[in-house]
Amino acid sequence: SKREIKMRKLDSTKVRPLKSEQLLRIEDHDFALRPGFGGSPIPVGIDVQVESIDSISEVDMDFTMTLYLRHYWKDERLSFRSNKNKSMTFDGRLIKKIWVPDVFFVHSKRSFIHDTTVENIMLRVYPDGNVLFSLRITVSAMCFMDFSRFPLDTQNCSLELESYAYNEDDLMLYWKHGNKSLSTDEHISLSQFFIEEFSASSGLAFYSSTGWYNRLFINFALRRHIFFFVLQSYFPAMLMVMLSWVSFWIDRRAVPARVSLGITTVLTMSTIMTGVSASMPQVSYIKAVDVYLWISFLFVFLSVIEYAAVNYLTTIEERKQLKKRGKASGMYSIDAVQAMAFDGCFHDTDVDMDLTAFSDRCEENETQAHASNVSNVDTTRIKRKRSVKGNVGRIILRNNHVIDTYSRIIFPSVYIVFNFFYWGLYI
């Protein structure tokens, strides 16, 4: 009946929709050409929403970022009639049939459009021909980093956008909403960096063969977390330096203890320096952490050299004292270990050494010591020998050398001054 036919016409679900290609008259135009070809450059607005900064690599000097990239332009060839002035939204299948800006990322290493569950592409066309083209992209791009202040550094990186084919005579790339064109997710965070700021800027790029191009910049500053490196590098280095100072309080005659302590701290400092260098790019300039670790290594090394000087000067001093006292008494008595230190020969008993025969052979010294022990001497000579022995013992058993005394004060004082200067300079 007529009533049923009228009801069917009013029911929009029963009306077959027109094809989008027919509604936009895609077949009637050549979309290989840009809008307004031959006239003024077409303005293309850009805005970006940063979803996340996925990683920062010091070794590769790059960063990875996921973002929503939106383009705005007007193409009158896509205008259509609409009684309600509503836009039409399409997915990525229509992109290949119309003209879209050829924006690319300068200094990009890798990039891709997300395709789960389908390609993350949206195209929205308004009746007057205005177009919104949106992509969800992950891009890895270069960041020219300066590690001279590492790990107390702040890195400034930028992601640059530019048209590949159209120079400024054909396409004008600009930020759609000025400084507000760049927005970020509130929950963006990184393990090693504070994100200090995001900003948008623009400029021009010149290529000798093709001319000038509009270029947009997404700038962000990254300040490194210092606490991780304090725990992993600075604090262990401080402990090794302070541990090397323990040898200044150890008896200078305890050669194995002081040498072992010095070599252990030197090797530990070498391990710390190797671990830090392994995680960094092989740059040709000195980093702040290198300055600290090398000077700390120098303090540890000097503590070993300090004991070598103490041991050498102590030996020279004791020999001079023994020669001086030996000339006055003609004979002195020292134990077997001390005798071996002076003449290089093994003795199984205490030895009475005569400096007039100090350079004779070991056999003669042993024979003289045996004869001296067997022969009877008078009480006056025994008292004189005991007096000389007591004086020599006081010289040898004296624990404190003048170099050790000064080192206990100079080493910590200089290291504290260095730390104040270092942290004041770099922080």
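## Salt bridges across the chain

A salt bridge is a side-chain nitrogen of Lys or Arg within 4 Å of a carboxyl oxygen of Asp or Glu. The structure, a predicted model, holds 16 salt bridges. Residues are numbered from 1 along each chain as its sequence is written. In this predicted model, local features need pLDDT of at least 70 and side-chain atom pairs count only at pLDDT 80 or more, while totals for chains, interfaces and linings use all residues; side-chain values use heavy atoms, with hydrogens and water left out.

One of the bridges joins Arg70 to Asp47, with the closest N and O atoms 3.3 Å apart. Because Arg70 lies in strand β2 (residues 62-74) and Asp47 in strand β1 (residues 42-57), the pair ties together parts that are 23 residues apart in sequence. Helices (H or I, at least four residues) and strands (E, at least two) are DSSP runs, numbered from the N terminus. Arg70 is partly exposed at 22% relative accessibility, whereas Asp47 is buried at 7%; buried means under 20% relative accessible area, exposed over 50%, and partly exposed in between (1.4 Å probe, protein chains only).

A second bridge connects Arg215 and Glu162, whose closest N and O atoms are 2.6 Å apart. This pair links distant parts of the chain, Arg215 being in strand β12 (residues 211-224) and Glu162 in strand β8, 53 residues apart. Both Arg215 and Glu162 are buried.

## Arg258 and helix α4

Arg258 lies in helix α4 (residues 255-278) and is buried, with 3% relative accessibility. Its salt bridge with Glu306 has the closest N and O atoms 3.3 Å apart. The pair links distant parts of the chain, from helix α4 to helix α5 (residues 288-329), 48 residues apart. Glu306 is likewise buried, at 6% relative accessibility. The side chain of Arg258 also makes a polar contact of 3.0 Å with that of Asp404. A polar contact is a pair of N or O atoms within 3.5 Å; within protein, one must be able to donate a hydrogen and the other to accept it, and residues adjacent in sequence count only if both atoms are side-chain atoms.

Ser260 is also placed in helix α4 and is partly exposed, at 42% relative accessibility. Its side chain reaches the backbone oxygen of Pro256 at 2.7 Å.

## Phe150 in a loop

Phe150 is located in the loop between β7 (130-142) and β8 (154-163) and is buried, with a relative accessible area of 2%. Leaving aside neighbours within four places in sequence, Phe150 is in contact (heavy atoms within 4.5 Å) with Arg224, Phe229, Met280, Lys287, Ala288 and Val289. Phe150 and Asp290 are 140 residues apart in sequence, yet their C-alpha atoms are 8.8 Å apart in space.

## Annotated regions and overall fold

For "transmembrane region", an unreviewed UniProt entry lists residues 226-250, 291-314 and 406-425. UniProt positions are given in the numbering used here, feature names are shortened, and annotations may be inferred rather than shown by experiment. In the model, residues 226-250 are 72% helix and 0% strand, with the end C-alpha atoms 36 Å apart. Residues 291-314 are 100% helix, and their end C-alpha atoms are 34 Å apart.

The protein contains nine helices and 14 strands. Of its 427 residues, 40% are buried.
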